[in-house]
Amino acid sequence: MLTNTYQNVNGTGGELLLGVMGDPIAQSKSPAMHTAALRALNISGAYVPLHIAPERLGDAVQAIRTLGFRGVNVTIPHKVAVMPYLDRLDASALSVGAVNTIVNDKGVLTGYNTDGIGYVRSLKAEAAPDISGARIVVLGAGGAARGIVTALLQERPERIFIANRTPDKAEELAEACRNGGNVSGIAMDDIGEAVAAADIVINTTSVGMYPHPDGLPLDPALLKPGQIISDLIYNPLYTRLLTEAQELGCRIHGGLGMFVYQGAYALEYWTGLTAPVETMRRTVVESLG
Ligand code: NAP
C-alpha cells in the first residue's frame, strides 16, 4: 500500500509528480530508477519522461508550475538553456553553470546541480574514501567535467590536471576553477607525466560509451598498478578503459554510482526523505540488461 502522499504545489493533497526533460528522452534510465525509488518509499506518485524540443523549453518550464510538478530532472540538451527560465539558482548550479534538478516550492522554481556532488559521493563510497591531498587527472573538459572538478575541489586534492582533445577548453575550465585550488589545463600529448604521478585518473569524455565501446580515452600503458581509474560512463557498466586498467592492477570505479547518487540527491531535495540508493542502483543495472 502507498502511504506517503504530498501536498502538491497547488496546495491540494495528492500524488507526487516528478519527471525528466530531455531531447531525446526515451533512452533515459531515470524514470525506471525513480519509479522504483517512489515505490520503495511508499510514495504515491509518478516520475515520467518528458520529451521537450529546445524551442518548447520555456513552455515546458512554465508547465511545471501549471501542472503542479514537485520537480524535474533536466538532461541533454537543456542543462544550460533552462537556467534563464528559473526563479532561483542554487550555488551548485551557479558554480557549474548548469542545472540538472529543479525543485518547485509553491510555484517558485529553484535550479540545482547534483551531478558533481553525486560523482564525489560515489567515488568516496566505492573507491576513494579520502580524496584530500590526492593528485588527480581529469580527461575531458565538457559539461560533466565542469561539475566534477568543482565538486572535487571541495575535497581539497593536492592538484588537478585537466586534459582535453581541444586543449583550449581544458585551459578555460582550469582557469574558471582556479580560485578553488591547484588546477591546470594540459595538452593530451603531454599527459604521460601527469598520469604517471596521479592517484586518481577520471575519464569524463564520451570515448568508450555505447554504441562505441571499443574507444579508449588514453593509452592504458600509461597507467600504474594501484591507481584508481574512474569512468563516468555507465553504459557499458565496465568500459574498455576500466577492463584494461583492472588487468593492469588498477582499482576501478564506474559511472553507475554517479548516476544513482545524482538521482538520490534530487529525490532527497524533492521529498526530504533518504533515497533508497540500493533499490535505485539495482533497478538501473536491471534496465541496462
Ligand atoms: P560533453 O559536454 O559533450 O563533453 C564531451 C567531452 O568528451 C569533451 O571533453 C570532448 O572533447 C570529449 N570527447 C568527445 N569525443 C571525443 C573523442 N572522439 N576523442 C577525445 N575526446 C572526445 O559531454 P558531457 O555531458 O560532459 O558527458 C561526457 C560523458 O560523461 C558522457 O559519456 C556521459 O554519458 C557521461 N556522464 C555520465 C553521468 C553519470 O551519471 N554517470 C553524468 C553525466 C555525464 P572536445 O572538447 O575536444 O570536444
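Analyst: Before we start, buried means under 20% relative accessible area, exposed means over 50%, and partly exposed is in between, using a 1.4 Å probe and protein chains only. Helices (H or I, at least four residues) and strands (E, at least two) are DSSP runs, numbered from the N terminus. This is a predicted model, where local features need pLDDT of at least 70 and side-chain atom pairs count only at pLDDT 80 or more, while totals for chains, interfaces and linings use all residues. Residues are numbered from 1 along each chain as its sequence is written, and side-chain values use heavy atoms, with hydrogens and water left out.

User: Fine. Which residues in H5 are buried?

Analyst: Ala-145, Gly-147, Ile-148, Val-149, Thr-150, Ala-151, Leu-152 and Leu-153. That makes 8 of the 11 residues in H5, a helix that is mostly covered.

User: Which atom of the ligand is 2.7 Å from the side chain of Asn-164?

Analyst: An oxygen atom, with an N or O atom of the Asn-164 side chain at the other end. A nitrogen atom of the ligand is 2.8 Å from a backbone N or O atom of Leu-232. Then there's Phe-259, whose polar backbone atom sits 3.3 Å from a ligand oxygen.

User: How much of the ligand's accessible area does the protein cover?

Analyst: The protein covers 72% of the 920 Å² that the ligand has on its own. Those areas come from the Shrake-Rupley method with a 1.4 Å probe; for residues, only the protein chains shown count as cover.

User: Switching to charges. How many salt bridges are there in the whole structure?

Analyst: The search finds 13, where a salt bridge is a side-chain nitrogen of Lys or Arg within 4 Å of a carboxyl oxygen of Asp or Glu. One of them pairs Arg-56 with Asp-59 at 3.2 Å, N to O. Arg-56 is partly exposed at 49% relative accessibility, and Asp-59 is partly exposed at 47%.

User: Which residue forms a salt bridge with Glu-126?

Analyst: Arg-281, with the closest N and O atoms 3.1 Å apart. That pair links distant parts of the chain, as Arg-281 is in helix H10 (residues 277–288) and Glu-126 in helix H4 (residues 115–126), 155 residues apart.

User: Why does Arg-281 count as buried?

Analyst: Because its relative accessibility is 17%. Glu-126 is at 35%, so that one counts as partly exposed.

User: Which residue in helix H10, 3 residues from Arg-281, lies about one turn away?

Analyst: Glu-278. The Glu-278 and Arg-281 side chains form a salt bridge at 3.5 Å, N to O. Through shared partners, salt bridges join Glu-126, Glu-278 and Arg-281 into one network.

User: And Arg-65, what does its side chain make a polar contact with?

Analyst: The side chain of Asp-87, at 3.1 Å. A polar contact is a pair of N or O atoms within 3.5 Å; within protein, one must be able to donate a hydrogen and the other to accept it, and residues adjacent in sequence count only if both atoms are side-chain atoms. Arg-65 is in helix H2 and counts as buried at 19% relative accessibility.

User: Last topic, the open sheet. What's the order of its strands?

Analyst: E4-E3-E5-E7-E8-E6, 6 strands with mixed pairing. Strand E4 (45–51) and strand E6 (88–89) are at the edges with a single partner strand each, so one side of each has no neighbour in the sheet. Two strands pair if DSSP finds at least two bridges between them.

User: In which sense do E3 and E4 pair?

Analyst: Parallel, over 7 bridges, with E3 spanning residues 16–22. Leu-16 stands opposite Gly-45 in E4.
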